[in-house]
Amino acid sequence: MTDTFDVVVIGSGAGGGAAAWALAERGVSVLLLEAGPAYDPFSDYRLDRPDWETQHFPAKVPTKGRQTAAPMQKLEEKWRDLQSWNRVKGLYNTGERRGNWGYSHVVGLGGSTLHFTGEAHRMHPDAMRMRSRFGVAADWPMDYAELEPFYLEAERLVGVAGPSNDPTRPRSAPYPLPAHPLCYGSQQVEKGCQKLGLSFIANARAALSQPYDNRPACNYCGNCTRGCPRTDKGSVDVTFIPKAAATGHCTIRTEATVLRLEAGPADHVSGVEYINAAGAKHNVKARAIVVACGAVETPRLLLASDVGNESGQVGRHFMETLSWASSGLHDDPLGSHRGLPSDGVCWDFNAPDAIPGIVGGCRFSPVVHEADLTGPLTYATRVVGGWGRAHKTAMRERFGRALSVGAIGESLPNPGSYIDLDPEVRDKNGIAKARIHSHLDDTELKRLAFMAKTTREILKASGAGDIFEEYGAYDGFQPTHVFGTCRMGTDPAESVVDPFGRSHRWRNLIVADASVFPSSGGGESPALTIEALAIRSARHLADRAKRGDL
Ligand SMILES: Cc1cc2nc3c(=O)[nH]c(=O)nc-3n(C[C@H](O)[C@H](O)[C@H](O)COP(=O)(O)OP(=O)(O)OC[C@H]3O[C@@H](n4cnc5c(N)ncnc54)[C@H](O)[C@@H]3O)c2cc1C
Ligand code: SF4
């Protein structure tokens, strides 16, 4: 079977969902192909069931093992302080090398936004000039002001609730919704930051602080990463995708895995081949193809299809979440398991030159919920331990007192971090799996050491200096944010796509996901930027389609 659309969008996460909406809204006929199934927030997320805590995100398609990883770097004595540990469980990694704990993502309609916390950040304007200012990574081929209208649009679609007092990111209009009040735990972290002379403001969150767009306000259950059962979290499946479908111009096919892109005549790709859940193969012809499979699977699809890699840049400059979290017990019963995750943030070290002596920034937030300290099971196994009456007494005494502070930092590209095709391992469709190469340079580890030190200081000043657990990126690869691999830029020798996500070589091939980031930012969460960029690229594509210039 072959059918024809103006544009095929491959992947329905932050990038693909936003691109599909922005094209369909302009009257372009779109086919959105998603490898995973749809999720029903009202029945698939299990927060109302007794066993809610036993599953993190209820993935319908297992993601472990979808990619392989090359052996990672050896752990060194000089960085011992950065090893992950827990008072009850001991060291999390007892091996000699950094462990591959899996790349966190979702295969489903809405992509990884189904599982995401929902922080909705804009980039720091200076973080888009890393090459010209500091000689590292690459400059973004646009400045913050050029992206600002698209940020506004993405925030309006998602329903972002944010502060009115963030001086670091200029805005031409207020957030659509007022910021959320700080939860009990975050109020302690705010006091801790104040003691240390650090700023602490409400975080910008893709979670509704008031009813908006036929969705209810957040109830502060704290389990966003398990999937929001109320639809107030602004994941792509409840925002961009229903709006794209409502235009009447977007056809959505789930459980449709694209196997390859088909090179057409001259400088065009002509279509795609995909396989559905029943194992039937289909061909689709299109005037343009938008690839948005995420920063690991997008380079895999391009490499496996043998398109787009003429300059050898596809897969290079892979960047990942440089993260740290420390958790301690507060003296007072805080009820810290309740509230909105990461509802506050300290941006003081976010600018690329803000950490003394180290290029690249970072930021700090309360992460009790991301550390999964929201239920009795985690307390029983990670905070209290033991058995019997003593265990029960300790549980009663400690539940709701855990406080966690986390940091996310810049991840600079290096030659040891890239994605290629595994020469030995194929998936069930016979396509080579993506192989992840991840290496943390000494600059990254120095930044991570600063993040760990400052996190501990904030935790102590917040009244929770009795630390019982710490974990970070040093001894385990487990990123939630991945970027790079199809860098955007103006020079075809150094980048894969142009400033509108268009391949330098294949003129109707667009990349619209986290792959295009030239640098990672100093700890900003990426989904809002991915959405803003995807809207911008899709609008450019729609204008070209109208002019007959595809
Ligand atoms: C636990 C967790 C917490 C996070 N928290 C935040 C946060 O608070 N704020 C934030 O901004 N970001 C957060 N992120 C990151 C954010 O979710 C991602 O950066 C973002 O979703 C990436 O968008 P993307 O379009 O690049 O890829 P994805 O959203 O991963 O979408 C890619 C899609 O492509 C599909 N696909 C892949 N290959 C194929 C194929 N061959 N054919 C068809 N479909 C295919 C996949 O199934 C998937 O649906 C978090 C992520 C996780 C896992
Ligand atoms: S805290 Fe709010 S946004 Fe998060 S899952 Fe609960 S209701 Fe949804």
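**Notebook: sheets, helices and ligand shells**

I began with β4 and β5, which pair in the antiparallel sense over 2 bridges. For my notes, two strands pair if DSSP finds at least two bridges between them. Helices (H or I, at least four residues) and strands (E, at least two) are DSSP runs, numbered from the N terminus. In β5, I found G90 as the bridge partner of N86.

I noted the conventions next: residues are numbered from 1 along each chain as its sequence is written, while chains are lettered from A and ligands numbered from 1 in the order in which they are written. The model is predicted, and local features need pLDDT of at least 70, side-chain atom pairs count only at pLDDT 80 or more, and totals for chains, interfaces and linings use all residues.

**Entry: the whole chain**

I counted 11 helices and 24 strands in the chain. The radius of gyration is 22 Å, close to the 24 Å that the globule rule gives for 550 residues, so the chain is as compact as a globular protein of that length. This radius is taken over C-alpha atoms, and the globule rule is 2.2 Å times the number of residues to the power 0.38. Along the principal axes, the C-alpha atoms fill a box of roughly 70 × 50 × 50 Å.

**Entry: the sheet of 6 strands**

I then asked in what order the 6 strands of the open sheet stand. The order is β5-β4-β21-β15-β18-β17, with antiparallel pairing. β5 (90-91) and β17 (362-366) are at the edges with a single partner strand each, so one side of each has no neighbour in the sheet.

Strand β4 (residues 85-86) is joined to strand β21 (residues 466-472) by 2 bridges, and the two run antiparallel. Here I found N86 opposite E469 in β21. On β21 I also looked up strand β15 (residues 322-329), which pairs with β21 in the antiparallel sense over 6 bridges; W324 stands opposite G472 in β21.

**Entry: the sheet of 3 strands**

A further open sheet has the order β3-β20-β19, with mixed pairing. I recorded β3 (68-69) and β19 (418-426) as its edge strands, each pairing on one side only. Between β19 and strand β20 (residues 432-437) there are 5 bridges, in the antiparallel sense, and Y418 stands opposite H437 in β20. Helix α7 packs on this sheet and touches β19 and β20, its direction making about 65° with that of β19. Such axes are lines fitted to C-alpha atoms, for helices over the stretch in contact, and angles run from 0 to 180 degrees between N-to-C directions. Two residues are in contact if their C-beta atoms, placed from the backbone, lie within 7 Å.

**Entry: α8 and α9**

The axes of helix α8 (residues 376-384) and helix α9 (residues 388-398) come within 10 Å and cross at roughly 110°. I therefore describe α8 as roughly perpendicular to α9 (angles under 35 degrees count as roughly parallel, over 145 as roughly antiparallel, 65 to 115 as roughly perpendicular and the rest as oblique). P376, Y379, A380, V383 and V384 of α8 meet H391, A394, M395 and R398 of α9. This contact has 7 nonpolar, 1 polar and 1 charged residues. Ala, Val, Leu, Ile, Met, Phe, Trp, Tyr, Cys and Pro count as nonpolar, Asp, Glu, Lys and Arg as charged, and the others, Gly among them, as polar.

**Entry: the two ligands**

Which residues come nearest to ligand 1? Of the 41 around ligand 1, they are G11, G13, G111, S525 and A527 (a residue is near a molecule or strand if its C-beta atom, placed from the backbone, lies within 6 Å of it). The elements giving two or more residues to this shell are α1 (14-24), β11 (257-263), α7 (294-305) and α11 (527-547). α7 gives the largest share, 4 residues. By class, I recorded 16 nonpolar, 21 polar and 4 charged residues around ligand 1.

Around ligand 2 I found 13 residues, of which C218, C221, C224, C228 and K233 come nearest. That shell divides into 7 nonpolar, 3 polar and 3 charged residues.
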